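Me: I am new to this structure and would like to learn how to read it. Could you walk me through a few features?

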Amino acid sequence: MFSQFFGNYLLENQKISTEQFSSCMEYIKKNRVKLGLIAENEGLLSRQQANELNLLQMQSDKRFGDLAVEKGYLTESDVDYLLSRQGNPYLIFVQALEENQCLSREEIDACLASYQKDNEYSDTVMEAIQDGNIEQLLPAFVDIEDTRYRDLIGLTLRNIVRFISSYLRIDKGRFVPSLTPRYAACQRTNGDYDGFLGFCSDDDDILALASGYAKENFTAVDEDALDAIGEFTNCVNGLYAAELSYQEISIDMQPPELLFDATISSDSDFYVLPVYIEGKKSNLIIYIDSKEG
């Protein structure tokens with residue numbers, strides 16, 4: 001997730017090229033974070049000590065962690081902790097930028113500071129983006145007093161990461177009275193809450209959702225592709241209905257709708273959240289109405 005947020009910033013500000021970003025993404029899929037980088041980021045090693053151990057590793061048939069323990073720089077417990085952090089999304093992208101000679105560590109640090117300042121992100125939001133913590137980063141993108149929207153959006157995004165792709169990015173959302181997208185797959189719910197959940201797009205970028213969920217390579221936006229997205233909305237709404245049931249709130253799901261060049265409207269405005277999956281944009285569309293209100 002971090003690679004998508006920060007990588008897009010680097011691309012927009014011409015700090016790296018599209019080809020360099022693609023190389024970094026390929027690197028991420030094939031590699032894990034080096035222990036030295038994790039140890040340095042965690043404050044367990046200085047940069048000088050990490051470089052020293054990297055050189056020693058090149059001269060001997062020993063693992064980085066073993067050398068660090070021999071030198072007295074780390075304990076066995078430290079090494080175990082570092083090994084548990086090797087999947088860190090922030091650090092693997094930093095490592096990819098360095099290993100692909102896109103940016104130096106100093107340049108990365110400067111760009112990170114500018115990224116935070118330009119977007120006016122708090123330290124909490126930055127940490128959430130680095131860790132892929134959807135709940136903590138949502139307030140920076142979803143400014144809605146009705147927490148039910150944030151709950152359903154958070155559930156949807158978590159399941160995109162779970163079922164479709166972890167290479168996810170979002171932009172700030174907004175309310176609109178209606179939409180007329182070229183393609184849409186959606187589902188209405190009725191009950192204590194009348195609701196609507198779906199995805200739409202005006203081009204074939206929406207196939208990233210369909211192919212990712214179905215684990216099938218769709219090449220055209222047809223009924224089969226939209227049906228896969230409809231199945232995903234049904235999955236999310238099913239999980240949402242289960243969560244609401246613990247609060248003694250009941251909703252019933254209607255069959256998913258597959259729409260081509262159709263106007264989508266309701267008694268309430270829709271909340272539209274741009275969602276990018278591996279750089280491909282679709283719009284997440286939601287409304288939640290309360291019969292009590």
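Reply: Gladly! Let's start with one cysteine: Cys102 has a relative accessible area of 11%, so Cys102 is buried. Keep in mind that this is a predicted model.

Me: How many disulfides does a search of the whole structure find?

Reply: First the general idea: a disulfide is a covalent bond between the sulfur atoms of two cysteines. Here, the search finds 0 disulfides.

Me: Is Cys200 buried or exposed?

Reply: Cys200 has 2% relative accessibility, so it counts as buried.

Me: Now the helices. At what angle do α1 and α7 cross?

Reply: The axes of helix α1 (residues 2–12) and helix α7 (residues 89–99) cross at roughly 40° and come within 9 Å. That angle makes α1 oblique to α7. In the contact of α1 with α7 there are 7 nonpolar, 2 polar and no charged residues. Among them, Phe2, Phe6 and Leu10 belong to α1, while Tyr90 and Phe93 belong to α7.

Me: And which residues does Arg105 touch, leaving out those up to four places away in sequence?

Reply: Arg105, found in helix α8 (residues 105–119), touches Leu37, Glu40, Arg47, Val94 and Glu98. At 15% relative accessibility, Arg105 counts as buried.

Note on methods. Residues numbered from 1 in each chain as written. Predicted model: local features only at pLDDT ≥ 70, side-chain atom pairs only at ≥ 80, totals over all residues. Heavy atoms only, no water. Axes fitted to C-alpha atoms, helices over the stretch in contact; angles between N-to-C directions. Helix = DSSP H or I, 4+ residues; strand = E, 2+ residues; numbered from the N terminus. Parallel < 35°, antiparallel > 145°, perpendicular 65-115°, else oblique. Contact = heavy atoms within 4.5 Å. Nonpolar A, V, L, I, M, F, W, Y, C, P; charged D, E, K, R; others polar. Disulfide = S-S within 2.5 Å. Buried < 20%, exposed > 50% of the residue type's maximum accessible area, 1.4 Å probe, protein only.
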